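Biologist: I would like to go through some of the labels attached to this chain and hear the grounds for each. Please give the value and the cut-off where one is needed.

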Amino acid sequence: MLLFLWPTSACLADLRIAGVDSDLQQAIMEQSSLSGAACDAPAWWLEKQLEKTQLTAAHLLETQGFYTARLTSQLSTSNACWQADLAIDQGPQAIFNTITLAGLEKDAVSAQHVDATVPSTGAPFTHARYENMKSGLIDLVQAQGFIDANWSVSKATVTLPAQNNDIAMPAKVDVELVLAAGPQYYIGEIHHQISDLDGAFLGKFHDLSPGMPLTRRTLDKAYQQLISTGYMASLAITPHYDQAQGPQIPLSIDGTPARKRTYEIGAGYATDSGPRTRGEVLWRRINARGDRARLTAKLAETAREVSGEYRRPDEDDPRNRWWSFGTSYEYDQPDTFKREKTALTATQSVRRQSTWLRTNVLQYSTEAWRIADQLGDTQLLNIGQGWQHSDADGHGRLPAGRSLNLSWRAAAKAAGSDINVVQLQAAYKSIRTLNRRWRLLGRAHVGINVV
C-alpha cells in the first residue's frame, strides 16, 4: 500500500537472471514481484522480494528436476535505479531410478503401450513428465473400458546425493504407482437419432453392438466409419454413464444430416481445348437407405462431356458392397479428328478386409469417329475388373500415403463387339514428407493394349 504513496521514477529497474534458459528466465520474471517495481522502492522491500524471487526460482527448478541447484543473489541500490542479480547453478537434473507399477495386470493394456508411456530408467525427471506418465497410463486403461480407473497410490520419492560428494551426482527418483482399475464397462443399447436416415440401415456402417467392451478405440473407429459415409455433417457418439444398468452403458448416436444436394461449378483454360466450364450436382442421399446420384457436365471450345451415375448400397452390407449404374456422352473435335462416344456402364464394388476394393465392370459403348477423310464407328461390350489398395496417414493434405491400382478390360467379337481387345493397366502413387514445407509425390503408370 505504501508504494502508491511514493513518487515513481522514469528510470527502469533491472532484474537480471543468469544460468538458465530463456523460458525459465521468463517464468521467474513473471512470478517475481520485482518485475515492474519502481526505482525508488525502499531497500528493505526490495530485499524481501528478492528473497521471494529466489524461493520461486528454486521451486521452478525443482519442477524441472533440478533439486541440487545453487542460487546466489545480489541487490544494488547505489545508482539512480536499483539492480538485482540472481545467479543460478542448476546442477545435474534428477533421473528416474525405479518405476514400480501394480494393478495393470487385469486390463487389456498391452505391454508395448505401457513401455511407450513409461520413461526408461535413467531418463531425465521432471514433474510434467511424471504427471504425463500417470495420465497417459490412466488414458490407456480407461480406453479399454475401465472408466473408473484411478491411482490408489501415486508416489515419487526423491533421494538427494550425499552433501560431501565432490562429484556432481543427480538426484534419484523412485516412482510407485498402484492402479485401482474398477469394473470394465460394456456397450448397452444403441440409439440412432439422426433424422432422414433409417437407424437399422445406419447401424450397418459401424461395428458397435451391445455386449462389446466400451473402449475409446471402438468409439473412435465407429465415428470414422460413420463420418466417412458422407451422410452426416456432424456426428457425436455419447456414452450415457448416468443411465448405466450395471456394467452396461447405453450409447446414443446423434448428428446433423449433410445437405441432400450439393452444387459445384468451375471455369478454366487449357491450351489444347481453350476456355472450359464444369458443373456438378451431387445427391448425397436420395432416400432413407442411402442411394446416391451424381450429374456432371463439362463444356469446352473443342470438347463436351456429360455423365450421370446412380449408386445403390447393398442392403445387407452397404459399407462394403454397392452397385453403380452410369451413362456418359463425350464429344471431341480438335484440329485433327472428330470423335463422339456414348456409353452405358454397370459396376459392382466389393471392399475386402477394409484394404482392397474390387470393382467388376460391364460396359457397352458406341463410338463414331473421323480422322482426315476416313470415317468409322466401333461398338464394344467390355467386361473387366479393377483392384485398388490404399494406405494413408492422416486426412486432407496427406503427409504420407501410397496407393496401387490394377485393372483389366476385354472385349470380343464373339460377345458382340466389333474387335477383339485386351487392356491391362497398373498405377502406383506414393507421398512422402521431406520436411515442414516439402512433400515428394511419385507416380508410375504402365499399360498395354492388345488388339
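Biologist: Leaving aside its neighbours within four places in sequence, which residues is Phe205 in contact with?

Modeller: In this predicted model, Phe205 is in contact with Gln225, Leu226, Thr229, Tyr231, Pro318 and Arg319. Phe205 itself is found in the loop between helix H5 (199-202) and helix H6 (216-227).

Biologist: Why does Phe205 count as buried?

Modeller: Buried means under 20% relative accessible area. Phe205 has 6% relative accessibility, so it counts as buried.

Biologist: What makes Ala372 count as exposed?

Modeller: The cut-off for exposed is over 50%. Ala372 is at 54% relative accessibility and therefore counts as exposed. Ala372 is found in the loop between strand S16 (356-371) and strand S17 (374-393).

Biologist: What is the phi of Ala372, and is the value positive or negative?

Modeller: Phi of Ala372 is near 55°, a positive value in a residue other than glycine. Most residues other than glycine have a negative phi.

Biologist: Why is Lys134 called buried?

Modeller: The relative accessible area of Lys134 is 13%, and the limit is under 20%, so Lys134 is buried. Lys134 is found in helix H4 and touches Trp151, Ser154 and Leu177, not counting residues up to four places away in sequence.

Biologist: Which other residues of H4 are buried, and what do the buried residues pack against?

Modeller: Besides Lys134, Tyr130, Met133, Gly136, Leu137, Ile138 and Val141 are buried in H4. The buried residues of H4 pack against strand S4 (95-102), helix H3 (111-117), strand S5 (150-159) and strand S6 (172-180).

Biologist: Which residues make the contact of H1 with H2, and how do they divide into nonpolar, polar and charged?

Modeller: H1 contributes Leu24, Ala27, Ile28 and Gln31, and H2 contributes Thr53, Thr56, Ala57, Leu60 and Leu61. These residues divide into six nonpolar, three polar and no charged.

Note on methods. Residues are numbered from 1 along each chain as its sequence is written. This is a predicted model: local features need pLDDT of at least 70, side-chain atom pairs count only at pLDDT 80 or more; totals for chains, interfaces and linings use all residues. Side-chain values use heavy atoms; hydrogens and water are left out. Buried means under 20% relative accessible area, exposed over 50%, partly exposed in between (1.4 Å probe, protein chains only). Helices (H or I, at least four residues) and strands (E, at least two) are DSSP runs, numbered from the N terminus. Contact means heavy atoms within 4.5 Å. Ala, Val, Leu, Ile, Met, Phe, Trp, Tyr, Cys and Pro count as nonpolar, Asp, Glu, Lys and Arg as charged, and the others, Gly among them, as polar.
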